[in-house]
2 protein chains.
Amino acid sequence: MDLLKKTIEEEGVVLSPSVLKVDGFLNHKIDPILLDEIGKEFAGAFRNLGITKVLTIESGGIVPAFTTALYLNVPVVFAKKAEPSTMRNPKTCRVHSFTKNTDYTICIEQNTIHEGDRVLFIDDFLANGQAYLGIKKLVGDCHARLVASGFCIEKAWQPGHSILKQDGFPFKVLASIRHMSPEEGISWNYDTAETE
Amino acid sequence: MDLLKKTIEEEGVVLSPSVLKVDGFLNHKIDPILLDEIGKEFAGAFRNLGITKVLTIESGGIVPAFTTALYLNVPVVFAKKAEPSTMRNPKTCRVHSFTKNTDYTICIEQNTIHEGDRVLFIDDFLANGQAYLGIKKLVGDCHARLVASGFCIEKAWQPGHSILKQDGFPFKVLASIRHMSPEEGISWNYDTAETE
């Protein structure tokens, strides 16, 4: 997706060979036009899959998941990282974060995803694929089906891409980074980024 | 705002005289049509104030703040409740939560709100007004101005309404609850809810 790649090149900051700072437009301060376009792009890619719910994890995935849901005209659910006091029947799953080297729990209220739902998972980053695996388990626990996934940015050298590919469900990455460094900047992965 | 009140009456659950569960449409599972209308309503109310940024706190305020920003065509910033490793110059403020009886820290990256910015604060609930006070301090620390606030739902008997009224800046509440209980349901506060 050219607009996203252009914005990353102009406003993203490569802090290290594994950390890209995108909080000026994607996951802290947000450019509404860009996020609207991201939603349109994901919705277009998955329009024919009979999606009934979009699911994400707070908080970086919330806006791209919302704009996708708006274009697909289906509800969006964001899994919480802490169990709110108002939840009555939470479904939970532990997720490991390699970046922070800790585990965290994601949870959704049981009745937000139903048996028979066809779920699209949207997130800001695909890296190690652990969030995807947690979401897949949660969706399964609700007797629903995870039918596709979309990621704004992937770090293609990390295991996430292979994990998704092996699962065989459709997924789309809008900006696939082959490698990056503070000195040399970003190299895009043109061959696979937009074709999944 | 009739659509929001109708949705609260049909899908909200009064868990106690102070806790309203709205996670079926507002802050966990989200109805995109309703949230789009909420953004349109806030944007219409504050269109003439020269707003340059919308600001909220993760994660319940993110979507109403985003849709408002989309209609105003300005960026939205969501203050984080934990400082991400990628933040380099965070501005922080401690906020007390009466609901959970704990303090938490909200933080924004320094350069996301500039000197001269005219900021609109959007949140899902107005209750004790502590989040508002924290946001006001953060905005002041950035040498910007908080010019207006919008809240989807207020619990009008709690101190937030008076705190905002005393400050004198415009604010709008879309659904003002006078009182509520599991037995009697919700009484709306018709006289002040839509006129601030």
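**Two chains and the surface they share**

The contact between the two chains draws on 37 residues from chain B and 37 residues from chain A, where contact means heavy atoms within 4.5 Å. This is a predicted model, in which local features need pLDDT of at least 70 and side-chain atom pairs count only at pLDDT 80 or more, while totals for chains, interfaces and linings use all residues. Residues are numbered from 1 along each chain as its sequence is written, chains are lettered from A in the order in which they are written, and side-chain values use heavy atoms, with hydrogens and water left out.

Let's begin with the area. The size of an interface is often given as the accessible area lost when the parts come together. Here chain B and chain A bury about 3100 Å² between them, 67% of it on carbon and sulfur atoms; the figure is the accessible area (1.4 Å probe) lost on being put together, summed over both parts.

B:Lys21 forms a salt bridge with A:Glu109, and their closest N and O atoms are 2.4 Å apart. The elements that give two or more residues to chain B's side include β2 (19–21) and β7 (102–109) of chain B; helices (H or I, at least four residues) and strands (E, at least two) are DSSP runs, numbered from the N terminus. The most comes from α3(B), with 6 residues. By type, chain B's side divides into 21 nonpolar, 7 polar and 9 charged residues, with Ala, Val, Leu, Ile, Met, Phe, Trp, Tyr, Cys and Pro taken as nonpolar, Asp, Glu, Lys and Arg as charged, and the others, Gly among them, as polar.

Strands also link the chains. β5 (residues 76–79) of chain A pairs with β3(B) in the antiparallel sense over 2 bridges, pairing being defined as at least two DSSP bridges between two strands. In β3(B), B:Ile30 is the bridge partner of A:Val76.

Follow the sheet that includes β5(B): 7 strands form an open, mixed sheet in the order β3(A)-β5(B)-β4(B)-β8(B)-β9(B)-β10(B)-β11(B). β3 (29–30) of chain A and β11 (185–188) of chain B stand at the edges, each with a single partner strand, so one side of each is left without a neighbour in the sheet. Within this sheet, β9 (residues 145–155) and β10 (residues 171–181) of chain B pair in the parallel sense over 6 bridges, and B:Phe151 has B:Val173 as its bridge partner in β10(B).

Definitions and conventions: Buried area is the accessible area (1.4 Å probe) that two parts lose on being put together, summed over both. A salt bridge is a side-chain nitrogen of Lys or Arg within 4 Å of a carboxyl oxygen of Asp or Glu.
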